[in-house]
Each structure stands twice: as C-alpha cells, then as structure tokens.
Amino acid sequence: MILSALLTSVGINSALCLVFFVLYSVLRNRPSNVELYIPRMVAEGKYREEVEFRWLRLFSSFSWVKRAWQPSEDELLANSGLDAVVFMRIFIFGLRVFRFAVVVGIFLLLPFNYMGNQLNMDFTDLPNKSLESFSISNVDDGSNRLWIHFSAIYVFTAVVCYLLYFEYDYIAARRVSYFYSSKPRPSQFTVLVRSIPVTSGSTLSDSVESFFSEFYPSTYLSHSIVRRTSKLKGLINEGDKVYKKLVHMKSKEIDSQQRYKRTGCLGLFGPKVEILDHYEKKLEDVEGDVRREQSYVTGKEVPAAFVSFKSRFSAAIASNLQQGVKPTEWLTELAPDPQDIYWPFFSASFLKRWMCNIVVIFACIIITILFLVPVLLVQGLTHMDQLEKWLPFLSGILKLKIVSQVVTGYLPSLILETFLSLVPPVMIVLSSIQGFIAISQIEKSACIKMVWFTVWNVFFTNVLSGTALYRLDVLLEPKRLPELLALAVPGQASFFIAYVVTSGWTKTFSTELLRLKRLVWSFLKGGLCCCASESEDELEVPSIPFHREIPRILFFSLLGITYFFLAPLILPFIFIYYCLAYIIYRNQLLNVYVPKFETGGKFWPVIHDATIFSLILMHVIAIGMFGLKKIPLASSLTIPLPILTLIFNSYCRRRFLPSFKGFPAQCLINKDRLDEQDPTISAFYEKLATAYNDPALKPVRYSARSESSSSPLLP
C-alpha cells in the first residue's frame, strides 16, 4: 500500500469519527434517546427528564467526556464491579506500554529506518511510495544501526514485563480488598455437588441431607436439588411472548376491522376470532401447561444439588476435597452466583456434553477454513495488480487515483472487520454447548476462542496469505518460520494501520458509542411503524460483551508489540485508539452497561497470557529479521529473550494465578469472623436457603385468575 492510500483511509475514518462524535453528543440529550444512550441510569431511576426541552442543549453537551473522565477507580468499582475495573486496566496498561513505545519507536527507530538505503527509493514523490521505507526493511543489510533495534527490543521487553508484573500484583491485591469490602454472596457459601449416589428406598434429597449432615454437622445449612426444566422454560418463554402481545394490544385502540382475525396461516385461513379473547384464552392454556409441567418436574431430578454452608471456609474445603471413597461420586466445585447459572447445562446428559465438545472442535476448524475466503479477498484488494488481473473489466475505473486509494486503503479493512463481527455470536453459541455451568464461564471460553481466532485469521493468515499459501514447503520446515515471518510481516504494516483506524477508531465510535445499529432500528421503528407502542418492548439494559471487546483490544496490543521495531509508524495510531477507547468505554460502563455477573477479575490471566504471546512473537520475528539483515550475532543474542520471557511468565503464574482460582484460607476465615458480628447474617442465611431454586419453578402470575392459585409447587 502506498502512502497516499493510507492517508486516504486515515482521512475517511477520521472524518467519520468526528461525525459520530458530534452526532452522539447531540443525540444523547434528546429525551427520545435516553433509553438508547443512558439505559442504565433510566433503569436505576437516576435520570430526570426536563419539563422544558431546550434546543441549545443539543449543541453544548460535549461535557460527557469530562463526566466520563472524572470518576475514580473506586467509584467505578462501586458502580460496575471488579470486572469493569479490570477491563479498564487493559487500557491503562496499553497506554503505559505504548506511551513508551511511541517515544522510542517514533523518535529513535523511525529516523534510522527512513535514513536507510536498502530499498533504493526516490523520496521526491513521497505520497506514491511504499510505506516500507519507514520500516526496518529499508535499513541496509549488515548496518550497525540494527544494533539500535536490537537494544530497543531488549529494553521494550523489560518494560512490558515490569508493567505486566505490576498490573498482575495490583489486580491480585484488588481482588482481596474487594472480597473484604463486599457483602456476603451466595456463591461464597455454596458448592455444586454432582454424581450423587442414591441408595434404594431414599431420594436424592435424602442422600444429600444425610451425607452433609453427617460429615459437616456444624456448618451444613441447606441444599437445593436440580431438576430438568428445559421443557418448562420453553413454555414460560412462550407465555411471556403471549403476555407481552396481550398487554400491547390492550394499551392501544383497536378499530372494528382490526378486532378480528383468522387463526390460520398468515391470518388468511381458519375461523375468525376476536383478538383479545383469542390471546387471553391462549395465555390461560399456556399458564395451565406451565403449572402441569411444574407438577411433573418433581420426578425429573438430576443427580446434582447446590449445597450451602454457614461459612465460606467450609464451602472452600468441600469444593477442594474428595468427598467420597469413590472419586467418581460426590464431585464438588464452587457454585456460581444464582444469576450467573446457565440452567440448560443440567438438562444435557454427560454423553451429550461430550459429543458437543467434539462438535465444537470441528466447528472451530470449519469456521477457520471458511474465514480464509474473506482474507484472500482482502489481500487481493490490497494489491492493485492482482485485482486488475482478477477483474480486467474494471481496470479503467481502478486506474482513477481516488478509486485506487479507497479500494486499496479503506475497503480491505472494512470488509475484514465486517466478516469478523459475525464470529463472536457463533463463539458464544459454541461455548454454551460445551458444558459450562455459568454464563461467566461461557463468556470467558468464548473470549479465549476469539483471541486465538483473531490472532490466527486476522494476523497470521493475512501476513502469510501472499507467501505461505503458495509455498507450503516452508511450513514443513519449522526452522524457517522466523525467516518467513521476517519476510512477510513488515510488508503488511500499512494494511494493519488501516485496520487499526477502521476497526479501532471508527468502530469504537459507531458501534460502541453511537450504537449505530440500534439507533437506525429505533428510527425505523418509530418512523415507519408509528403504530408501535412503547409498552411493546421492555427497557433493555445490556451488559458489556467481554468476549467481543477483549479480543479486539488484545489484537491491537499484539500489532503494537509486534511492529514496535519493524514498522513503528503504526504505534501512534494504536496509542490514539487506547486514548479514545479509555474515555468511550468509561462512559458506557457508567451509563449503558449493567454487570451481568462478577468473576472477581478472572479475565486478567487471559490478558496476561496474550501479552506474553505477543512478546514471544516479536522475539521470533526479530531472530529471523536479524538473520536476513546479515547480523547473525544479533540474531543469536536474541534467542535468550523468549526463554527469559517464558521464565518470567512461569514465575507470574506461580506467584499470582492461584489467587485468581480462589481466595486463601486466611481471607476466608477472617471474613467469616467478621460475619459473626454482622447482625444481618441470619437474614442472609434465610435467603441463601432458597437462592438456588430454579427460576422456572417460581409461580407464574400472568392473569388475575392465577394469583389465587400461584403458590410454589416445590419447596
């Protein structure tokens, strides 16, 4: 890609970012958009609508930037939880890393790259020259200037490792302080017990009661047996839909022509019925089916139960020790919070979950192979000569300067990001059938899948598509991998700069801040479907999609670390992305997103491991690059660097990772002693006894007639 094409892409995306910023600042103050841009404040009752709407407020409302910047980390912790704090620490860590990288890369490495003569470029027509003139490829082979790059790699690695250690230590300490300051949570006192053996003449409930009363007599509190409720949940969902339709129809005036409809296909066939009576009768039928299924569900017990204790320490002991003589019975693990439980897990058999895991593996392989199609398309667009060869009838149009700059500079990254946005929902579906008992575990699994999917399909496939796909023999020789990467990676710097600007800058403004899709949908629904009532849809308060956002942020970090010494021109664009994203995501966490679960910062080890991988990838490329540049000594002296990085990673895992798997006995016992002096702990125990009852077993109250007979059917 030539410099003018990159500048065209940056110009287009910068203009779009400015437009989206102004639009958001104007539209967020309109009363009709409060449920779109500050749904959390509306749901929590913190939004006060002004009686008199002043149009001047539309153009003087850029103060949201200041309001997003001002809250301290402690305020963010109290408002959104530790997971939100850890999420924002990714940006703080990135800003610290790339602030140093920009200073070294732009003011030290970039001038040495530019002053090289390896590519023999004429800089009189700079806009039409390749960006490789700013990369290490332009440094002369065997030049002593390459020792500057060698030293920068060592210093940069040391800085990143120091910051990683600092963040790991900081977040581990935050976990402990958050644990001490938080109120008692059901998950801290409860374990999930599976593979419960049942003796003849007794029930599952009797077995659980007898076992834990005998072996935990002083701390055992209560238990809840799990039942298969997948069919019941389907009936409840159907009842919810019918109920919403009925409420919507009663809230609007219906003329005589709309009062009746046919019950057959598309409302064209079948007998005519009165709409309200039809839906009321249908709601009563569904309600009856729900209650009948609730009565049948007693016999659909699963050999699993949630067992609660009077202390956190007892729950921790029960979750970590083998309970029975047979290791396949009385399997225990700490339970998630009640709102975090993924109840369909219990409706699937062990064989079904095992088969689903096999299906997930093959599905990931198939998706990876299918994603090669858009990658090859994108790579074809970045090379104008290939595009003219594939589409000769467009050669006349492609010769136009502005068209060629847009096609090679802006369009490839836009196409790749469009296809990539389809993958996160698929990864959530695949993770949900793998047998995780918590929504947070599903999200974390999908996050890990997306991280490696993005690294392989967006980085490696784009980098190697022009070389390795046509030289498969190279892949069969692992020793030549550093050389191959050193040849291929620098040439893709311009594409990844455009990708950072498109997927980082513009998408963060359009999708995250402006919520463009939902804005367009609300406009269409309000303008074209004017008959729709506000009561038709409930206020939707979303939660932050960690599985979509964390992999994208980590990928930009990988690009910055990898290209630090290869093509430092990318570093300012990544640094600007982190600055913009820091403000935007803070605003969204305060005004839009509500926590759906709380893992206590367990996403940070994923971030740490991804950063270590990025460092090692940089080292491997450096070994190959110094070899190509005919400085074998520098190449040899770089080999210890990935080894030292792995040793550092091993130390961090031993030092910090156990703190993220559970809390130490010292913390648990101290917290239990504090609870003994808490006058509200007895009320908490009463709630804990029913906290893990399946929501599907709660009484349904759709109609007034059901209220008199809506007592729970199960204790």
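Helices (H or I, at least four residues) and strands (E, at least two) are taken as DSSP runs and numbered from the N terminus. The model described here is predicted, so local features need a pLDDT of at least 70 and side-chain atom pairs count only at pLDDT 80 or more, while totals for chains, interfaces and linings use all residues. Residues are numbered from 1 along each chain as its sequence is written, and side-chain values use heavy atoms, with hydrogens and water left out.

We can start with the whole chain. Its secondary structure comprises 32 helices and six strands. Of the 715 residues, 49% count as buried, where buried means under 20% relative accessible area, exposed over 50% and partly exposed in between (1.4 Å probe, protein chains only). The protein chain exposes about 34600 Å², and carbon and sulfur atoms supply 63% of that area; accessible areas come from the Shrake-Rupley method with a 1.4 Å probe, and for residues only the protein chains shown count as cover. Among contacts (heavy atoms within 4.5 Å) with a separation of 6 or more, 82% join residues 24 or more positions apart.

Two helix pairs make a handy contrast. The axes of helix 23 (residues 493–513) and helix 26 (residues 571–591) come within 10 Å and cross at roughly 15 degrees. Axes here are lines fitted to C-alpha atoms, for helices over the stretch in contact, and angles run from 0 to 180 degrees between N-to-C directions. Helix 23 and helix 26 are therefore roughly parallel to each other, given that angles under 35 degrees count as roughly parallel, over 145 as roughly antiparallel, 65 to 115 as roughly perpendicular and the rest as oblique. Their crossing is left-handed, meaning that the near helix is turned anticlockwise from the far one by less than a right angle (clockwise would be right-handed). Contributors to the contact include I497, V501, W505 and T508 of helix 23 and F573, Y577, L580 and I584 of helix 26. By class, this contact has 14 nonpolar, four polar and one charged residues; Ala, Val, Leu, Ile, Met, Phe, Trp, Tyr, Cys and Pro count as nonpolar, Asp, Glu, Lys and Arg as charged, and the others, Gly among them, as polar.

Helix 22 (residues 481–488) and helix 27 pack at an angle of about 85 degrees, with their axes 7 Å apart, and are therefore roughly perpendicular to each other. Here P482, E483, L485, A486 and L487 of helix 22 meet L617, V620, I621, G624, M625 and L628 of helix 27. The contact divides into nine nonpolar residues, one polar and one charged.

Buried positions come next. In helix 19 (residues 423–432), V423, P424, M427, L430, S431 and S432 are buried. These residues pack against helix 13 (350–370), helix 18 (411–420), helix 20 (439–464) and helix 25 (546–562). H149, in helix 7 (residues 146–181), counts as buried because its relative accessibility is 0%. Leaving aside neighbours within four places in sequence, H149 is in contact with L109, F112, N113, I136, V139, F565 and F626.

Most residues other than glycine have a negative phi. R515, in the loop between helix 23 and helix 24 (516–527), has a positive phi near 50 degrees. K630 also has a positive phi, near 65 degrees, and lies in the loop between helix 27 (604–628) and helix 28 (632–638). R515 is buried at 10% relative accessibility, whereas K630 is exposed, with a relative accessible area of 58%.
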